[in-house]
Amino acid sequence: MREVRTQGLLFDEDLANLDNAEGYRGPIACRAAGITYRQLDYWARTGLVEPTVRSATGSGTHRLYSFRDILVLKVVKRLLDTGVSLQQIRAAVEHLRERGVDDLAQITLMSDGASVYECTSADEVIDLVQGGQGVFGIAVGKVWREIEGTLAELPTERLDDDTDEVDELSARRKRRQAG
């Protein structure tokens, strides 16, 4: 039985057009999120953003990232670009997962370069800026739409596809183990 990993409740909106058995390989996730493969691999290994469609199970297997995973990747990248430490980003992502956001598209993440603040209304954003704290904001709904546009042009892969034997080396290993 396959272990299903989840990103928690961070992206639990009802997205009728997204198929849970469909995902994007690492290089495509990197392109859509604007990150390097090295970042993607590190964040997956350390649990910051793990692929929820399929994790890598050894040589020759490929991680598959869901739309929600790629959204997290892009938000993390934007926070890093503002100078927020990876430690603070981990805390912010964990907070949002625990909170169980119902409508993520309505959230704006604000950062002063050291901490991340969650704002769910324009008044909260204004209060934060007037308090002299917020210097950078990420409207998650806008990031969502950007990723939808980017991924619409890129290929997906189905979980039930037997694509683990993509390269010759993997195929040889499987044949050798089988017989």
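The model is a predicted one, in which local features need pLDDT of at least 70, side-chain atom pairs count only at pLDDT 80 or more, and totals for chains, interfaces and linings use all residues. Residues are numbered from 1 along each chain as its sequence is written, and side-chain values use heavy atoms, with hydrogens and water left out.

The protein chain contains 7 helices and 6 strands; helices (H or I, at least four residues) and strands (E, at least two) are DSSP runs, numbered from the N terminus. Read from the N terminus on, the order of elements is β-α-α-β-α-α-β-β-α-β-α-β-α. Of the 179 residues of the chain, 42% count as buried. Among contacts (heavy atoms within 4.5 Å) between residues at least 6 apart in sequence, 69% join residues at least 24 apart.

Helix α3 covers residues 67-81. From its first C-alpha to its last, α3 reaches 21 Å, close to the 21 Å expected at 1.5 Å a residue; the expected span is 1.5 Å times one less than the number of residues. The buried residues of α3 are F67, R68, D69, I70, L71, V72, L73, K74, V75, V76, K77 and L79. Just after the helix, G83 adopts a positive phi of about 100°.

Two packed helices are described by the angle between their axes and the distance between the axes. Here, axes are lines fitted to C-alpha atoms, for helices over the stretch in contact, and angles run from 0 to 180 degrees between N-to-C directions. The axes of α3 and helix α6 (residues 140-151) come within 10 Å and cross at roughly 120°. The two helices are therefore oblique to each other, given that angles under 35 degrees count as roughly parallel, over 145 as roughly antiparallel, 65 to 115 as roughly perpendicular and the rest as oblique. On the α3 side, the contact is made by F67, I70, L71, K74, V75 and R78, and on the α6 side by V140, V143, W144, E146, I147, E148 and L151. These residues divide into 9 nonpolar, no polar and 4 charged (Ala, Val, Leu, Ile, Met, Phe, Trp, Tyr, Cys and Pro count as nonpolar, Asp, Glu, Lys and Arg as charged, and the others, Gly among them, as polar).

Helix α2 (residues 37-45) also packs with α3, at an angle of about 110° and with the axes 12 Å apart. These two helices are therefore roughly perpendicular to each other. Q39, L40 and W43 of α2 meet L73, V76, K77 and L80 of α3 in this contact, whose residues divide into 5 nonpolar, 1 polar and 1 charged.

Strand β5 (residues 136-139) contains F136. At 30% relative accessibility, F136 counts as partly exposed. Leaving aside neighbours within four places in sequence, F136 is in contact with R78, T82, L109, M110 and S111. The C-alpha atoms of F136 and D112 are separated by 6.5 Å, although these residues are 24 apart along the chain.

T120 is found in the loop between β4 (116-119) and α5 (122-130). With a relative accessible area of 38%, T120 is partly exposed. A distance of 4.8 Å separates the C-alpha atoms of T120 and I107, which are 13 residues apart along the chain.

Note on methods: Buried < 20%, exposed > 50% of the residue type's maximum accessible area, 1.4 Å probe, protein only.
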